Amino acid sequence: MMFRRGFILFLPRLVGLLVVACCSMSIVYMLACTPKGDNQQLALPRVHSPTVKEGYDAVLQEQEEQHRNYIISLKKQIAQLKAELQGRTEQLKNMQNQYPDSLDIQLDHSKPEKAQANLLAFLRSQVDKAEVHSGVKLSTEYAAVPFESFTLQKVYQLETGLTRHPEEKPVRKDKRDELIEVIELAVGSLNKPDGVSKAKPRVYTASDFVEGIYRTEKNKGTLYELTFKGDAKHQFKKIVLFRPFGPVMKVKNENVNMADTLINVIVPLAKRASKFRQFMQNFREMGIQQDGRIHLTVVYFGKEQMNEVKSILENTSKSANFKNFTFIQLNEEFSRGKGLDVGARFWKGNNVVLFFCDVDIYFTAEFLNSCRLNTQPGKKVFYPVLFSQYNPSIIYGHHDSIPSLEQQLIIKKETGFWRDFGFGMTCQYRSDFINIGGFDLDIKGWGGEDVHLYRKYLHSNLMVIRTPVRGLFHLWHEKQCLDELTPEQYKMCMQSKAMNEASHGQLGMLVFKQEIETHLHRQKLSSKKT
């Protein structure tokens with residue numbers, strides 16, 4: 001590395017010297033080609049001499065020969081300098097390949113030893129870049145990467161993820177395997193002979209592990225600090241480990257053409273005609289006008305408000321010249337799983353992307369493209385995490401009026417939350433849905449059917465894409481938890497209802513509203529007295 005740095009520092013000097021040499025030779029050439037002064041003119045034959053012509057020709061020929069030799073000499077020297085400069089450039093490239101930077105590591109599989117050395121050098125550089133041996137200056141308090149702590153039984157985490165638990169058993173297999181591997185590696189390191197002490201070494205086990213902390217810097221690696229019991233009561237052993245991240249490697253580069261990929265939006269419905277009217281306004285703008293590669297299937301339960309719903313659908317069809325819709329009516333009790341299953345199986349065309357949707361969902365044209373891009377028959381299904389809107393009357397209660405729906409759809413902690421406990425909105429190809437066995441039709445009413453389908457996909461060989469998306473919103477509506485629900489369904493419904501109203505801060509303002517008003521009243525009275 002020192003040689004490389006020295007060479008890189010010397011290279012600009014070398015180029016400068018070459019430029020100076022070329023300029024010097026150009027000056028010599030110009031001087032050589034300049035006619036002589038009056039005192040240095042060659043003696044020409046006298047004009048009246050009989051040999052004037054022959055002598056003059058001889059002098060010119062001699063000068064021409066001298067100039068030609070100078071030019072040949074300069075050309076040779078310039079060619080030598082170019083060759084030397086090119087050689088130095090090749091040496092620099094070889095040095096860069098031998099000691100690669102993190103963004104341009106050369107993994108030549110034809111030379112495994114060199115590739116292994118390059119990778120090892122890169123991984124060591126990751127340790128130097130990470131905040132392992134010393135701290136780094138940070139701009140704000142939010143720039144610090146926090147640690148999470150763990151014991152043999154529990155993980156205590158700030159980023160709660162999909163489980164939403166600040167303390168939990170490491171239920172994800174990758175996290176469990178990671179922490180077990182780290183503890184086992186630390187125990188092995190403690191039990192490795194140091195070659196100095198002659199006393200019989202103590203044998204450490206996982207039961208000596210007290211606690212550990214770890215954090216991940218996304219572009220460098222994961223740092224682990226593990227504490228074990230020492231030889232006496234207040235003595236401890238500390239092991240620091242680092243798992244460096246490898247270089248970014250290209251896996252795939254492909255063109256994706258979604259021009260002919262149709263999405264069949266399936267909506268199960270019972271009553272709620274006013275909500276369906278709002279849904280169709282969104283569907284018309286985003287699905288028909290902006291996207292255009294879309295089909296709508298409405299599965300309606302019962303007959304109450306059915307004619308109104310059909311009228312809304314037919315009016316949209318006429319005004320937007322939209323014919324790609326299907327209306328299915330079932331004379332039975334509402335079941336979301338049954339409605340989606342019937343709608344998916346009713347399709348008779350080619351394999352199609354199914355988007356299972358609800359009437360209180362708002363989506364954008366960008367989301368429809370995400371739906372296409374994250375599904376692949378036989379390989380991938382898409383489970384987006386949508387943004388759930390809080391009760392607008394609480395959020396905007398202090399405003400003169402509630403903003404329009406489009407103005408409300410802003411992703412902020414004051415306006416809503418990521419609905420990471422919901423699995424109802426999903427995109428998959430019809431073939432995958434059929435092959436997985438569809439919904440459990442024994443589940444009635446609200447809740448449960450979506451989780452059951454989600455688990456089916458998780459237990460299959462399909463890749464489940466789970467990610468927050470910015471173009472899918474759950475619109476707030478008052479939730480009714482019916483008495484007919486099972487105890488588990490009723491509990492889930494009430495939990496969902498509580499989370500839908502407002503943020504903790506906003507709910508707190510409602511709880512302490514009386515105290516706040518009393519405080520403001522007292523302040524007003526005291527200001528009048530003064």
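This is a predicted model: local features need pLDDT of at least 70, side-chain atom pairs count only at pLDDT 80 or more; totals for chains, interfaces and linings use all residues.
In what sense do strand β5 and strand β6 pair, and over how many bridges? Strand β5, residues 221-229, and strand β6, residues 236-244, pair in the antiparallel sense, and the pairing extends over nine bridges. Good morning.

Within the pair, leucine 226 stands opposite isoleucine 239 of β6.

Let me now describe the chain as a whole. The protein chain contains 15 helices and 15 strands. It has 530 residues, and buried residues make up 34% of them. If we take the contacts with a separation of 6 or more, 70% of them are accounted for by residues 24 or more positions apart.

I turn next to the cysteines. How many disulfides does a search of the whole structure find? The search finds two. When the bonded cysteines are counted along the chain, the pattern of the disulfides is 1-2, 3-4.

Cysteine 371 belongs to helix α8, residues 365-373, and cysteine 427 to strand β14, residues 426-429, so the bond ties together parts that are 56 residues apart in sequence. The link of cysteine 371 and cysteine 427 is left-handed, with -125 degrees about the S-S bond. Cysteine 371 is buried, because its relative accessible area is 0%. Cysteine 427 also has a relative accessible area of 0%, and is therefore buried.

The other disulfide is formed by cysteine 481 and cysteine 493, whose sulfur atoms are 2.1 Å apart. Here cysteine 481 sits in the loop between β15 and α13, while cysteine 493 sits in helix α13 itself, and the two are 12 residues apart. The link of cysteine 481 and cysteine 493 is left-handed, with -90 degrees about the S-S bond. Both cysteine 481 and cysteine 493 are buried.

Cysteine 357 counts as buried, because its relative accessibility is 0%.

Let us move to the packing of helices. Two packed helices are described by the angle between their axes and the distance between the axes. Helix α5, residues 273-291, packs with helix α6, residues 306-320, at an angle of about 20 degrees, and their axes are 10 Å apart. Angles under 35 degrees count as roughly parallel, and α5 and α6 are therefore roughly parallel to each other. The crossing of α5 and α6 is right-handed. On the α5 side, the residues that make the contact include Phe276, Met280, Arg284 and Ile288. On the α6 side, they include Val309, Ile312, Leu313 and Thr316. An α-helix has 3.6 residues a turn, so residues three or four places apart point the same way.

Another helix to consider is α12, residues 449-458. Which residues of α12 are buried? They are Glu449, Asp450, Val451, Leu453, Tyr454 and Tyr457. These buried residues pack against several elements, among them α7, β10 and β12. Their partners also include β14, the strand in which cysteine 427 lies.

Threonine 364 is placed in the loop between β11 and α8. Is threonine 364 buried or exposed? Threonine 364 counts as buried, because its relative accessibility is 14% and the cut-off for buried is under 20%. Apart from its neighbours within four places in sequence, threonine 364 is in contact with Met286 and Gly471.

Asparagine 331 is found in the loop between β9 and α7. With a relative accessible area of 56%, asparagine 331 is exposed, because the cut-off for exposed is over 50%. Asparagine 331 and phenylalanine 301 are 30 residues apart in sequence, and their C-alpha atoms are 5.9 Å apart in space. Not counting residues up to four places away in sequence, asparagine 331 touches Gly302 and Lys303.

Thank you for your attention.

Conventions. Residues are numbered from 1 along each chain as its sequence is written. Side-chain values use heavy atoms; hydrogens and water are left out. A disulfide is a pair of cysteine sulfur atoms within 2.5 Å. Helices (H or I, at least four residues) and strands (E, at least two) are DSSP runs, numbered from the N terminus. Buried means under 20% relative accessible area, exposed over 50%, partly exposed in between (1.4 Å probe, protein chains only). Two strands pair if DSSP finds at least two bridges between them. Axes are lines fitted to C-alpha atoms, for helices over the stretch in contact, and angles run from 0 to 180 degrees between N-to-C directions. Angles under 35 degrees count as roughly parallel, over 145 as roughly antiparallel, 65 to 115 as roughly perpendicular and the rest as oblique. A crossing is left-handed if the near helix is turned anticlockwise from the far one by less than a right angle, and right-handed if clockwise. Contact means heavy atoms within 4.5 Å.
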